[in-house]
Amino acid sequence: MQEKLSDRINSMATSQTLAMAAKARELKAEGKDIIGLSLGEPDFNTPDFIKEAAIQAINENYNSYTPVDGYVELKDAIINKFKRDNDLEYDRSQIVVSTGAKQSLANVAMVVLNPGDEVLLPCPYWVSYAEIVKLAEGVPVEVPTSVETDFKITPEQLEAAITPKTKMIWYSSPCNPSGMVYSKEELRALADVLKKYPDIIVVSDEIYEHINFVGDHASMAGFEDMYNRTVTVNGVSKAFAMTGWRIGYIGAPSYIARACNKMQGQITSGANCIAQRAVITALDAPVSKISHMIDTFKNRRKLIIDLLNNIDGFVTTEPEGAFYVFPNVSSFFGKTIKGHEIKNATHFSLFILEEANVATVTGDAFGNPDCIRISYAASEDQITEALSRIKKALS
């Protein structure tokens, strides 16, 4: 029988971060000593106080279907978190809990976009943004930035990118993959452009909020004139080392939240009951409970920047948050190294994997063909060894 699949799935790109991780696992299975610096996953265990809450939930027989938009107690914990950490006022009608922040983003795209609507994506952007937009029949519009501008979009660039078809702008801060963080002043400057276009909706992905090395975190929804048109996306995967627990959430205008609830009710229904109960405990805890992880990431950031600066050809900015560096490697393009012709970032990333046994991700996946993403969610020994291997392969 001939295989027949939809145009929708045939036109969708595979997640490059997951593809590189799969390739690394394949090489490990062959006996190669691969150091994986490709996945955006903390290398810590979930804190014990959160695990204990999950065990308690199991013992209390939480096993039934959950409300589509989340337990009331979890929604209240999210409301309190938004107020405590971001000075944002939401009520229960504005909160939707989903199976990971990725589903939160997909819900928003599906309920807001019509065919042909444009979504501005400041580059570099998280690998799944463009494909989620396409799946919702929207059109991703890349707005380029560079290492020279710390990978931040300017108000002038934003203004120039807006067309009558622009429906949304999506960005993350702290950013995956660049690690840059928009300050309150920088967000205000972008908001001053957007206030001329009141129908454009902002999606602010703040999943790395607590992994921030430069001070206070700023939210677009914190501006009174942007609150009613901003969807704030967050979750517990990164700061709480809970990637596999799959809980994300949004704070949004009520009409968007209701639509996401409706959409989710026909796709997955409510998120996992045990994970939700554990996340209540996570969000109720003071940020100091996870500060040891953030301090560790900050130390690793210094280490990897120092090591990259000792390799000729890498141009690197100092990330302000998250746990990635995004060096420009275009100086290697057009060269042949150890029999490998380096034409672009994808070739460079594959060269590093094959010659140095280090897994990274090409910047092409994030809308920037001149860079690669390197995760420092790994031990200092692994980081040191990985950068030593890369330097040796390039020497």
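How does the lining of the largest pocket divide by class into nonpolar, polar and charged residues? The lining has ten nonpolar, nine polar and six charged residues. Here Ala, Val, Leu, Ile, Met, Phe, Trp, Tyr, Cys and Pro count as nonpolar, Asp, Glu, Lys and Arg as charged, and the others, Gly among them, as polar.

The model is predicted: local features need pLDDT of at least 70, side-chain atom pairs count only at pLDDT 80 or more, and totals for chains, interfaces and linings use all residues. Residues are numbered from 1 along each chain as its sequence is written, and side-chain values use heavy atoms, with hydrogens and water left out.

The largest pocket has a volume of about 520 Å³. A pocket is an open set of points on a 1 Å grid over the protein atoms alone, where a 1.4 Å probe fits, with protein on both sides within 12 Å along at least five of seven lines; lining residues have an atom within 4 Å of a point. The volume is the space filled by probe spheres set on the points, which are joined across faces, edges and corners. The lining comprises 25 residues, and Gly40, Lys102, Trp126, Lys238 and Arg246 are the closest to the pocket centre. Helices H2 (16–29) and H5 (101–112) each supply at least two lining residues. H5 gives the largest share, three residues. Helices (H or I, at least four residues) and strands (E, at least two) are DSSP runs, numbered from the N terminus.

The second largest pocket has a volume of about 370 Å³. Of its 17 lining residues, Met12, Ala13, Ser15, Ser128 and Glu131 are the closest to the centre. H2, H5 and helix H6 (129–135) each supply at least two. H6 gives the most, with five residues. The lining divides into ten nonpolar, four polar and three charged residues.

The axes of helices H11 (291–308) and H13 (380–394) come within 10 Å and cross at roughly 10°. Axes are lines fitted to C-alpha atoms, for helices over the stretch in contact, and angles run from 0 to 180 degrees between N-to-C directions. H11 and H13 are therefore roughly parallel (angles under 35 degrees). In the contact (heavy atoms within 4.5 Å), H11 contributes Asn299, Arg300, Leu303, Ile304, Leu307 and Leu308, and H13 contributes Glu380, Ile383, Thr384 and Leu387. Six of these residues are nonpolar, two polar and two charged.

An open sheet of three strands has the order S9-S14-S13, with antiparallel pairing (at least two DSSP bridges between two strands). Strands S9 (324–325) and S13 (361–362) are the edges, each pairing on one side only.

Terms used: Parallel < 35°, antiparallel > 145°, perpendicular 65-115°, else oblique.
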